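Subject: Structure for you to look at

Hello,

Here is the structure I said I would pass on. My notes on it follow below.

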Amino acid sequence: MKMEKVSETQIRITLNKEDLLNRNIKLTELAYGSKKAQALFQDMMTKAYEDLGFEATNVPLMIEAVPITMDSIMIVVTKVDDPEQIEERLGLTGERPTHRTFKDQEDSNEFEPLIPESVSSLMYRFDTLDDISSASSQIQHLYFGESCIYKYTDKYFLLMYTNANTNTDISILTSVLNEFGKRAYTSNLNEYFLKEHGETIIRRNAIDILAKYL
């Protein structure tokens, strides 16, 4: 394990194949925040404090996990002064995040970075539920997969699982949705963030339910 202090607010940690083998952990396990991954992160934070004086207790953190090779990974841990930076980089404001992966950790140091993966869902941001209802009435015959809605701050987020319906023409679907909302950067990380910090409005069959109200 190689650990480097970039600044008072950021460190870089490189884990190689041997580091992972010693802990009996695979790169894929890091992507889903397994118990072994969480224990590894706690060990890294303890070592960062002992060796580098990097204090991360009760501090909002952004965590970027960047695969270097097939069996090594670099983890960048950054303290955050303004939690709004997390929203911006998560793409919840409509922009693609500049970091590949990170997670708001205001209440804990739980380790849950996500290694980039193929997109299997679509996320759209809307100003009102009426906008989602209007969009739903237009796409209910185009999309038959699962869907749900979350509210975060004053915005509503429609999440559609495209792998549940392989016959959906994504280009047509997005062209319709773009008339009513804005596409948010889609990743498992954003979904986890909304589940943890947002309000669940409709847990299942959101498009069918809202389409009926228009």
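The buried residues of α6 are L173, T174, V176 and L177; buried means under 20% relative accessible area, with a 1.4 Å probe and protein chains only. They lie on the same side of α6, because they cover an arc of only 160 degrees around the axis, the arc being that of the directions from the helix axis to the C-beta atoms.

This is a predicted model, in which local features need pLDDT of at least 70 and side-chain atom pairs count only at pLDDT 80 or more, while totals for chains, interfaces and linings use all residues. Residues are numbered from 1 along each chain as its sequence is written, and side-chain values use heavy atoms, without hydrogens and water.

Helices (H or I, at least four residues) and strands (E, at least two) are DSSP runs, numbered from the N terminus. The buried residues of α6 pack against β5, α5, β7 and β8, where contact means heavy atoms within 4.5 Å.

The strands β8-β5-β7-β6-β9, in that order, form an open sheet of 5 strands with antiparallel pairing; two strands pair if DSSP finds at least two bridges between them. β8 (182–184) and β9 (199–202) are the edge strands, each pairing on one side only. From one strand to the next the twist averages 35 degrees (axes are lines fitted to C-alpha atoms, for helices over the stretch in contact, and angles run from 0 to 180 degrees between N-to-C directions).

α6 lies across β5, β7 and β8, at about 10 degrees to β5. α5 lies across β5, β6, β7 and β9, at about 25 degrees to β7.

Regards

Key:
Buried means under 20% relative accessible area, exposed over 50%, partly exposed in between (1.4 Å probe, protein chains only).
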